[in-house]
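Have the structure open as you read.

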Amino acid sequence: MEPSYTPVEIEKKWQQHWAEQGLDRTIEDPSKPKFYALSMFPYPSGTLHMGHVRNYTITDVIARLQRMRGYRVLHPMGWDAFGLPAENAAIDRGIHPATWTHQNIGQMKQQLSQLGLSYDWDRELATCSPDYYRWTQWLFLEFFNAGLAYQKESAVNWDPIDQTVLANEQVDAAGRSWRSGALVERKLLRQWFFKITDYAERLLQDLDELAGWPERVRLMQENWIGKSTGARVVFTTEEGQELPVFTTRPDTLWGATFLVLSPEHPLVPQITTAAQQEAVSQYQTATAAKSDIDRTDDTQEKTGVWTGNYGINPVNQAKIPIWIADYVLMGYGTGAIMAVPAHDQRDFDFAQRFGLEIKVVVQPPDWEPGQPLTTAWAGEGTLVNSGLWDGLAAGKGQGQSVPGAIAHLEAQGIGQGQVTYRLRDWLISRQRYWGVPIPVIHCDTCGPVAVPEEQLPVLLPDNVAFSGRGPSPLAQLSDWIAVDCPCCGQPARRETDTMDTFIDSSWYYLRYGDAQNSQQIFDPAKVNSWLPVDQYVGGIEHAILHLLYSRFVTKVLYDRGLLQFQEPFQKLLTQGMVQAATYKNPATGKYIPPEQVSDRTNPTDPDSGEKLEVFYEKMSKSKYNGVDPQTVVQKYGADTARMFILFKAPPEKDLEWDDADVEGQFRFLNRVWRLVATFQPQAVKALPNPLPKAEKDLRRAIHTAIGAITEDLEGDYQFNTAVSELMKLSNALQDSKLSGSLVYQEGIFTLVKLLAPFAPHLCEELWQRLGRSGSIHQQPWPVVDPEALVVDEITLVIQVMGKTRGTIQVPAGSDQGTLEQLALASEVAQRYIDGKTIRKTIVVPGKLVNIVVG
């Protein structure tokens, strides 16, 4: 009786066996080439979702493939375990964040193990563990000692009711606190920063080195860094105070008709007149309640207030009004801009709104002097109304207006050429508990002092209360705060801010290379042996901050002599989202759970009977369209879940969940099971030479599959087409009548090996049933035999007067004369040319012969 395929039973058996044997432990063998396969580590929320399954399955296939190809492979997993959700859980549930976090880690680790992911759990790390965050603090001290960590005042979200700082995620779209409901204010606090701007140019230039990254991601980073070339121009107030601005178009200075300052600009209180004081103060208060995103949203109507004062344009001494407006941010540039409304749409809209002068200085096409503009002209043209600059061609090229304007400004001492970046220094302070304590002590005599390295880690105290009100719990622990200064011994204070969790995740990939080291952050020799990461896999949502910060940290450690590489990730794969059918009532905006929709072909609201919209959207609890991986694994097995995830769409594209396609992959694995489980291998012996035609054809199909699948698993990792090739090979074996042949046996062994990275449990079981020793995952990856691909015969199409009349088999490589003879002598041709005069024959080698008759 044929044994049945029982995936849950088989998978549990092999997961236990692999763990006992240490099959996935990293092999430190310098004689082998290295391959570092890494998925972005998860936040331990407690539950895996299908996005996790897709990410980790993709990386696991790559890791398993490279082991079979003879590489020593590093494939680790850990937990991005600090952060706000754990602190919120402490407030809501009355438990310690550590308790909540470690419970979730245990639960998610169990779920991961059920997917058959080949992780080296000996290298597991959690960013909330003291043996990890000790080295995060050490890393901070490296930045501090290098002059790359500093403090300055910066705006934070402030809840006036709970009297606490809020993260951006705790402020809703209306600008209200998620907990108290109060309108959030902007408040200045002294906070810690990393000088990422010192590395802006290197981060930008080295994007060219990342050929293995998606162009989309590189462009996103380039835009985030935002290099601008222009000039720093010094305006003055009527009282003579300097008011510098940066502009990429200094050639349009003659068209600057007003200045706009950020409401937070330090000059605002000094230049605001008494008559405008109340209006300015009210506007500053209103601006403080807005996020930077809202302030810079170009779809919003422009707002602003005149200060009552004027500035002096340095090129023509024109007196122009000074305004404040929320769309100018203090954190960007100088916090002040010169407005040229004729040639900048944002300034044009502002000028239109408040009746300010619009002066053309770059002549638009078909424009007559004195003619009012209906929109800003940002294109090319000739300078007009610009004094000595009139007639210059507008542009940044040699001999054009921008270089000429910069030279003039520098000669007059009123400006200078300058390069600026949109990138701001990295704000790393968080006024929260559940994060890495910043290892700094504040002394009234010595200033900020680094905690001595031998005193690391600065441990998070346990005796804290979580209310969600007031300052950070750490700031309320007077006994913990009070400490002697390491320099002078006088009473001092600990820093009570913790670090941004992006710091934890900006170096974790380095720690995996030497995860158990208790004496140093890592052994440089080991890390330089394993790094950079060969293949990194994660979501596009991390394209900017996480990846940029990781690149920055790597470059700093390179400069500190710890690393021999400057880029952490050689290749990057950003997998698409997992989407599912979603049902929504367009009239109410309410989402309907699928189980409440009785007729999926004509879905209606179960309460109102209104017609529902049906579309695919990212899986989400709030949209009732999530699919629990646990349910799928229990019903079909992890191998089926993996196969579906890999087959349904290319890895970089969004994937639409479909139960029917899951069933299809389950049926395919059942077919493979039936094909292999009952096969009885023969004793190994040489293949007959020459092979009969049927066996030649089958062997060609086998090696064609090896070549196609190997190619699909290189470069862009087209797993979906690789699975299609596996299906073709399975079908070829199933259709074959050669089950007693050694070629058929080669095909069975090859199919199981090729399938092993995709369906690891099934293939391990089949390998054992085939009587093979060792693990299939330690077998060499199949290699194409070029001779197997040689074709002895080809199909030649016979045409008469251009019409296809049939085909014949002819020896491969036949010359034109031979093909013509064989075609004319064939039964197909004789049937149609009998008694007719052959005028000529047209031979297309390897394809067809066309016979033209009279």
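This is a predicted model: local features need pLDDT of at least 70, side-chain atom pairs count only at pLDDT 80 or more; totals for chains, interfaces and linings use all residues.

The buried residues of helix 9 include Val280, Tyr283, Thr287 and Ala288. These four cover an arc of only 140 degrees around the axis, so they end up on the same side of helix 9.

As for its length, helix 9 (residues 277–288) has twelve residues and spans 17 Å from first C-alpha to last, close to the expected 16 Å.

## A look at Ile271

Ile271 belongs to helix 8. Is Ile271 buried or exposed? At 2% relative accessibility, Ile271 counts as buried. Setting aside neighbours within four places in sequence, Ile271 is in contact with Thr237, Gln241, Leu261, Thr307, Asn309 and Ile322. There's also Gly308, 37 residues away along the chain, with its C-alpha 7.8 Å from that of Ile271.

## Rings on rings

How many aromatic pairs does the structure hold? The count is 39. One of them is Phe258 with Phe350, a stacked pair at 5.6 Å centre to centre, with 25 degrees between the planes. Phe258 lies in strand 10 (residues 258–261) and Phe350 in helix 11 (residues 345–354), so this pair ties together parts that are 92 residues apart in sequence. Both of these Phe residues, Phe258 and Phe350, are buried.

Phe644 and Trp657 go edge-to-face instead, at 4.6 Å centre to centre and 70 degrees between the planes. Phe644 is in helix 19 (residues 638–647), while Trp657 is in the loop between strand 27 (655–656) and helix 20 (659–677), so the pair ties together parts that are 13 residues apart in sequence. Phe644 and Trp657 are both buried. Elsewhere, ring pairs link up a cluster whose members include Phe140, Trp192, Tyr199, Trp426 and Tyr549.

## Charges over rings

The charged end of Arg64 sits over the ring of Trp18, 5.2 Å from the ring's centre. Lys152 lies over the face of Phe193, at 4.8 Å from the ring centre.

Technical notes:
Residues are numbered from 1 along each chain as its sequence is written. Side-chain values use heavy atoms; hydrogens and water are left out. Rings of Phe, Tyr and Trp (its six-membered ring) pair if their centres lie within 6.5 Å; planes under 30 degrees apart count as stacked, over 60 as edge-to-face and the rest as tilted. Helices (H or I, at least four residues) and strands (E, at least two) are DSSP runs, numbered from the N terminus. Buried means under 20% relative accessible area, exposed over 50%, partly exposed in between (1.4 Å probe, protein chains only). A charge sits over a ring if NZ of Lys or CZ of Arg is within 6 Å of the ring centre and within 35 degrees of the ring normal. The expected span of a helix is 1.5 Å times one less than its number of residues. The arc is that of the directions from the helix axis to the C-beta atoms. Contact means heavy atoms within 4.5 Å.
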